[in-house]
Amino acid sequence: MNTINPKKLLNSKWTAVNPVHKEKHFIVTEVKFDEEGNVVHCIIQAVMSHRAEPIVWQNLKNSSDWLQGWM
C-alpha cells in the first residue's frame, strides 16, 4: 500500500501497474480541497498522450494498480 500525503499530490508522478492504451506514466495535474482540507477533486494525466481523467485519489494507495514515481 502506497502512503500519500494529500497536500503533496499535485505534480506527483505515478506508474500504472497494468497499462491501458500503452499509457504507463501519469502525473497528477489538478487537486482541489474543501474548507476542511479534504481532497474533493483530483485529475491524473497520461504523460505521452496528455489524456486527462478524474481519479479518486485514494485509488493511488493501491500498490497492485499504482506505483509511486516513474518506473
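Colleague: The side chain of Asn 2 reaches the backbone oxygen of Trp 66 at 2.9 Å. What else does the side chain of Asn 2 reach at 2.9 Å?

Modeller: A polar contact is a pair of N or O atoms within 3.5 Å; within protein, one must be able to donate a hydrogen and the other to accept it, and residues adjacent in sequence count only if both atoms are side-chain atoms. Here the side chain of Asn 2 also reaches the backbone oxygen of Leu 60, at 2.9 Å. This is a predicted model, where local features need pLDDT of at least 70, side-chain atom pairs count only at pLDDT 80 or more, and totals for chains, interfaces and linings use all residues. Residues are numbered from 1 along each chain as its sequence is written, and side-chain values use heavy atoms, with hydrogens and water left out.

Colleague: Is Asn 2 buried or exposed?

Modeller: Buried means under 20% relative accessible area, exposed over 50%, and partly exposed in between (1.4 Å probe, protein chains only). Asn 2 counts as buried because its relative accessibility is 12%.

Colleague: Where is Asn 2, and which residues is Asn 2 in contact with, leaving aside neighbours within four places in sequence?

Modeller: Strands (E, at least two residues) are DSSP runs, numbered from the N terminus. Asn 2 sits in the segment before β1. Contact means heavy atoms within 4.5 Å. With neighbours within four places in sequence set aside, Asn 2 is in contact with Trp 14, Leu 60, Lys 61, Asn 62, Ser 63, Trp 66, Leu 67 and Gln 68.

Colleague: Which side chain makes a polar contact with the side chain of Glu 23?

Modeller: That of Ser 49, at 2.4 Å. Glu 23 lies in strand β2 and counts as buried because its relative accessibility is 7%. Not counting residues up to four places away in sequence, Glu 23 touches Ala 16, Ala 46, Ser 49 and Arg 51.

Colleague: How many residues apart along the chain are Glu 23 and Cys 42?

Modeller: They are 19 residues apart, and their C-alpha atoms are separated by 18 Å.

Colleague: What is the phi of His 21, and where is His 21 placed?

Modeller: His 21 has a positive phi of about 55 degrees, although it is not a glycine. Its place is the loop between β1 and β2. His 21 counts as exposed because its relative accessibility is 68%.

Colleague: What is the phi of Asn 11?

Modeller: Near 70 degrees, again a positive value in a residue other than glycine. Asn 11 belongs to the segment before β1.

Technical notes
Helix = DSSP H or I, 4+ residues; strand = E, 2+ residues; numbered from the N terminus.
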